[in-house]
Amino acid sequence: VLMGAPPRSISHLRLPTLPAWPVLKRRLIVAALVLLVLTAAYVFWLRNSSLVAVEKVTITGAEQHPPVESALRNAATEQTTLNLDLGALEQVVAGDPAVRGISATPDFPHGLAIEVDIREPIGYLKAAGVVVAGDGVILSRGGERPDGLAAIKVKEEDPVAGGSVKGGALQVVSVLGAAPAPLRPTISSASVDPDFGVVVELSGGLQLRFGGAGAADLKWQSAATVLADPDLGVAAYLDLSVPERPVAGGVADQADSTAPEAAEAVPVAPATDLAPAATVPEAAEVDPAAVAPEPAVSAPVEGGGTTLE
């Protein structure tokens, strides 16, 4: 409105007019049809076409299991990055007990990364002749104990239930499964004692008495701290039933190795000075700061239900 000019009547303003309903209706129908065609092209063609086919497969975690890696690679190359079927990948390795699970991430347009969670063997159950993982799953049956694998000794008549172990054997493998990697090569055997619970024997003869299988990771951390102490002497056992307060005791008479309880038990606080006696085997010396135990299945020990072999 110009200064001094008379105001124009609102009736003189021109408002945009909408297209007539029949025209608008036709436009909406055309837009819907275009959207439908594009959706159908994606669902029935593009997402399954060679334009997005998986061509480069990266698999981690199964380096020591060639059959698993090969099966996953073959199954992956039959898929596309826009239509990934994780169930189909899981199905091809479902019969291998070593595979705990897998995850897959597509990398558009042709890449696929697969991560495999593998169960590692942690012990050989002598009574059943089976190799067992830390969660109790049986990895293989028959044959002799593999070199370097801890012997699990129980006297239960039937320690196996289907594809896994049970009872005292399950208590033992849950503890072994929590053992830090640097200490695993030093483990020679493990069992369940009616008085001391789960007992792990190291290659140098030292017994680690865990009590119940609960808090196994904390107990292993405590053991690693004590074993790494340069002032630790020779002891028959290390009681870890209370991880915050490990107890070393039973210093054996050098002339009589059959008397493991010859000396009174001495409480030991982690990372404190111990009374020197002799040395701990070098294989058991680890850096406690580098210990990162794997989570393990925990369950209370069945007191008196299992005895040493």
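Two strands count as paired if DSSP finds at least two bridges between them. Keep that in mind for these exercises on a predicted model.

**Exercise 1**
Find what β5 pairs with on the β6 side, and which residue in β6 is the bridge partner of Val130.

*Solution.* 
- Start with the strands: β6 covers residues 138-141, and β5 pairs with β6 in the antiparallel sense.
- Three bridges link β5 and β6.
- Now pick out Val130: its bridge partner in β6 is Arg141.
- Finally, look at the hairpin of β5 and β6. Four residues sit between the strands, and Gly136 has a positive phi near 90°.

**Exercise 2**
Now try β4: how many bridges does it make with β5, and in which sense do they pair?

*Solution.* 
- β4 spans residues 121-125, and it pairs with β5 in the antiparallel sense over four bridges.
- For Pro121, the bridge partner in β5 is Ala133.
- This hairpin also has four residues between its strands, and here Gly129 takes a positive phi near 65°.

**Exercise 3**
Are the faces of β5 covered or open?

*Solution.* 
- Take one side of β5 (residues 130-133): Val130 and Val132 are buried.

**Exercise 4**
Work out why Leu28 counts as exposed, and which residues form a nonpolar surface patch with Leu28.

*Solution.* 
- First, locate Leu28: you'll find it in helix α1, residues 21-44.
- The cut-off for exposed is over 50% relative accessible area.
- Leu28 has 51% relative accessibility, so it counts as exposed.

Technical notes. Residues numbered from 1 in each chain as written. Predicted model: local features only at pLDDT ≥ 70, side-chain atom pairs only at ≥ 80, totals over all residues. Heavy atoms only, no water. Buried < 20%, exposed > 50% of the residue type's maximum accessible area, 1.4 Å probe, protein only. Helix = DSSP H or I, 4+ residues; strand = E, 2+ residues; numbered from the N terminus. Patch = residues over 30% accessible without salt bridge, like charges linked within 9 Å, V, L, I, M, F, W, Y side chains within 5 Å. Areas by Shrake-Rupley, 256 points an atom, 1.4 Å probe, with all protein chains shown as cover. Salt bridge = Lys/Arg side-chain N within 4 Å of Asp/Glu carboxyl O.
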